Amino acid sequence: MKLLDLHIDGFGKFHDRDVTFADGLNIVYGKNEAGKSTIHTFVRCMLFGLERGRGRASRNDTYSHFEPWDNKANYGGQMRVEQAGMIYRIERNFQKDQKSFLIVNETLGKQMEPTKAFLDQLLCGLSETTYANTISIGQLKSATDSGMVAELRNYIANMNTTGNMSLNITRATSYLRSRRKEFDQQLDPEAARNYAVLQSEIRTIEKEISAPEYENQLQEYQNMRTQVHSQISQKQEDREALLQKIASGRQMLSGAQFSGEESVLQYQEETLHTYDAYQAAKTACEKKSRSVLAVLSLIIALLTGIFTAVVVIQEHARQVALSAGNSPLAFSLQDPALLLIGLLAILTLIFAVTGISLLLVCKRNQKDLAFTSKLLQEVFSRHLGDSTVSKEAMDAFLARMEEHIRLSQLLVRSEAAVEIQAEEIAQLKKRASSCDEVITQQQRTQWELEKKLDRLAQCKDQVEALSQVLEENDRIHEEIAAIDLALDTMTDLSSTIRDSFGLHLNKAASDMIAEITGGIYDSMSVDENLNLFMNTRTKLVPVSQVSSGTMDQVYLALRLAAARLVQEGHDHMPLIFDDSFVQYDDDRLRTALKWLSRAYESQIIIFTCHQREARMMTANQIGFHLIEI
């Protein structure tokens, strides 16, 4: 794989920034704080992703450290790479709420599914940890004390035993021994003996309590007493529930102003009588003929009265006329006029009396209707919640009265049942008292039995607890055995190091060491105790005796050899140096650059804050691509 170019939407100090790389050797030059490490980190995050830490760790993690200074929503970018003749565009958005990952094959013009197999091929078989420990190289070590030697030794040990630089075999061994000591301290050596003693005591107690002397009726009577008390409790609950129902029923009757069935029947009979009167008054009021006849009689009486007055007036005028002719006024009972007047007067009186009588009857019927209607409205409103007077209301009222009657009958039966329950409860209490007497007689024997049973229960509880302790002891023994096996395995691996991955690493690193040290050392070797030696033609030199510069060169050769081995079968990824040669003198740097240009066939990217790398490669006619930031 080789990097073609990258575009930073937002990452650390960079915003909308493009960087282009070339084949072979690239030098990215920038002063301190120019952002070289930011670009280096951006490349790693584009390849392997960037996760935000949790809790306090998120305050100083990589995600928080490289959040864009401006416009944090644009946290990510694009990077184009070439792999096996194909050009891929990797796009990532690191923003936690808008996180995305996309790979596009620009050569074929299609989006790729980021499966594990595809990513393994694209990333040349490297994990992020392997990447960070091989081809991604920060400032090289230059310490001359034993710390540098120990690091080289541990690095070799990890590569020999596991092929993974992220492990630390010395630290792992120390951790396993510490864990074994912790497990030893957790063991309970007395658990097995105490378990056997308790089991023996349990068998003894069980044999004692099975003796005939402890056979009695106490348990039977206790069960019987429990049953009786349960029955008493149930009976009392039933009686209390029935009393509450009776009280509720009585309250319901009282709310309806009834005391029992007799009062309901009496009230129902009175209401029926009132309803009959209401119906009779309503029927009478609905007869229009009577009121019409009364009005007609009064009209006739009025007409006859008027007619009578007219006749009287005419007769009076005739008499006055006769008296004007000097004829004396003469009245005779046989006078037809007088007979007509009398007849008319009688008719007027008859019709008037008839009309008034009929009006009085209608008035009385209306009064009776209003009175009975008011009574019925009060009744229906109280019992039905609706004051409407109708046949349906009366039927509903009668149905409600039937309910009250049934309720009254039910209350009578319930009160009788309450009396029966009281007698049954009294009998049960007497039976319970008899059980108490029998239990008291056998209490002394039972007390002794209960003591034994209590001790038996305690022993069983202790046995159960010890069973868990024994299980834990077994688990701890298994853990200790596993730790011992792991320690033995690591010892075996260390003793057979030359038959493992170390042979390949030693050979690959030795070829590089001979060249990078200018032939001073022609190879390296590791003994069975993981001690590292530099080989000359005449002797073996422990790495602790070489100069700091040589140790740096050894460290670089080991990383490059490891990078080749872990990428075997894949294309090689770019070799990236981030201010790795700051402490190199000019001679060592010149040698290292010449060696790198020949030793690593793939792309090389060197981030540096000095211009001497570019000058030296120009002086030595080593081709390179310069990128200034």
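Mentor: Buried means under 20% relative accessible area, exposed over 50% and partly exposed in between (1.4 Å probe, protein chains only). Keep in mind that this is a predicted model, where local features need pLDDT of at least 70, side-chain atom pairs count only at pLDDT 80 or more, and totals for chains, interfaces and linings use all residues. Residues are numbered from 1 along each chain as its sequence is written, and side-chain values use heavy atoms, with hydrogens and water left out.

Trainee: Tyr-584: buried or exposed?

Mentor: Tyr-584 counts as buried, at 3% relative accessibility.

Trainee: And how do I read an aromatic pair?

Mentor: A pair of aromatic rings is described by the distance of the centres and the angle of the planes. Rings of Phe, Tyr and Trp (its six-membered ring) pair if their centres lie within 6.5 Å; planes under 30 degrees apart count as stacked, over 60 as edge-to-face and the rest as tilted.

Trainee: How many aromatic pairs does that rule give?

Mentor: The count comes to 14 aromatic pairs. Take Tyr-88 and Phe-118: their ring centres are 5.6 Å apart and their planes at 70°, so the pair is edge-to-face.

Trainee: Where do Tyr-88 and Phe-118 lie?

Mentor: Tyr-88 lies in strand S5 (residues 86-93) and Phe-118 in helix H3 (residues 116-122), so the pair ties together parts that are 30 residues apart in sequence. Helices (H or I, at least four residues) and strands (E, at least two) are DSSP runs, numbered from the N terminus. Tyr-88 is buried at 8% relative accessibility, and Phe-118 is buried at 12%.
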